[in-house]
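Try each task before reading its solution.

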Amino acid sequence: ADVYVINRENVSWLVDYYRNSWPFGMVVVDEFSSFKSHQAKRFKSLSWVRPHISRFVGLTGTPAPNGLLDLWAQVYLLDQGERLGKKITHYRERYFEPDQRNRDHVFSYAPKPGAEEVIQQLIGDICISMSAEDYLELPDCIPVTVSVKLNQKAQAAYDKLEKEMLLEVDESIIDAGSAAVLTNKLLQLCNGAIYDGNHQAIEIHKCKIEAFMELVEGLNGQPAIVYYNFQHDLARIKKALVGTGLKVRELKTPGDEDDWNNRQIDILLAHPASSAYGLNLQAGGNHIIWFSLPWSLELYLQANKRLDRQGQEEIVIVHHLTVEGGRDEDVMNALEDKNATQASLLESLKARIEKAKGEKSA
């Protein structure tokens, strides 16, 4: 093959495998800002084989999500230190000054006067900025499905619970009440936890949480509204975000709305039932993440309209985390069909019951 594709998690493995026999003359790195940390193993690995690469291309929509310091590692991979220096310490000393600090430590740096213009001139011959709007006709709102694959243990737990509950509910008449209860239980398990009889959350797996964190990392500092369904979703999401350095807030007060629109919040956590109406959040960002989906089409559409509305200056991207073969895939299909009614969910539930019966008899 002339072109090989690899994910960024395997970059270090690939470098260790080939070492000085690196065979790839050209390397293209998508989501280049994921290599912005000079301390990351993936950056160090690529730096080691960089002399063996004759042409290097980096693609990113957010080259400096946290400021101009993020540029050094990326530009180093492009030119091996020719423009911004061989070491980040020299780059920092030349163009930045301490910002937030105490007596012993500097916590952040700010560009010196005129530094931004100088840096742009230095890298201008090897960097080009292209706006999608100038070259593509794009819709105002783009839905994206992020497929979540359960690990073997989690899949076994899900299959067992789904089959037992489906067969149990089939012993009685399937009505909207029992269908809603069953659907909620399965949706909880898709998300990774489930309430027991005492309403205590029991964690079953972290597969969706891990997919969520990878998605957030891929946004490279761009703010996002995250819609959750269950309270244990909220607790587990907040726990996962601790230590990321992101500014995380629950949407509760008008002050939270103002701070979001003033770009003072990175991750805004909201329940669609309490935030789907009457809020103008379009100034704060253009990314929506559905950690778990409601089966109410009205709630779903109204929640998305918090960003996809007049005054939004960017294309809104709506990310849906759905487990492969899981119940939330049925809900996603119902929403896509614009037919998120009790009837559609009952029909999908009956289909799953028939499947479970077939597997049992087999």
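**Exercise 1.** Find which residues Asp266 touches, not counting residues up to four places away in sequence.

*Solution.* Start from a contact, which means heavy atoms within 4.5 Å. By that cut-off, Asp266 touches Gly221, Gln222, Pro223, Ala224, Gly245, Leu246, Lys247 and Trp260. Then look at Lys247, whose backbone nitrogen lies 2.7 Å from a polar atom of the Asp266 side chain.

A word on the source: this is a predicted model, where local features need pLDDT of at least 70 and side-chain atom pairs count only at pLDDT 80 or more, while totals for chains, interfaces and linings use all residues. Residues are numbered from 1 along each chain as its sequence is written, and side-chain values use heavy atoms, with hydrogens and water left out.

**Exercise 2.** Decide where Asp266 is found and whether Asp266 counts as buried or exposed.

*Solution.* First, locate the loop between helix 11 (254–261) and strand 10 (267–270); Asp266 is found there. (Helices, H or I of at least four residues, and strands, E of at least two, are DSSP runs numbered from the N terminus.) Second, apply the scale: buried is under 20% relative accessible area, exposed over 50%, and partly exposed in between, with a 1.4 Å probe and protein chains only. Asp266 has 15% relative accessibility, so Asp266 counts as buried.

**Exercise 3.** List what Phe56 touches, again leaving out residues up to four places away in sequence.

*Solution.* The partners of Phe56 are Val27, Val29, Phe32, Leu46, Arg50, Leu77 and Leu78.

Definitions and conventions
A polar contact is a pair of N or O atoms within 3.5 Å; within protein, one must be able to donate a hydrogen and the other to accept it, and residues adjacent in sequence count only if both atoms are side-chain atoms.
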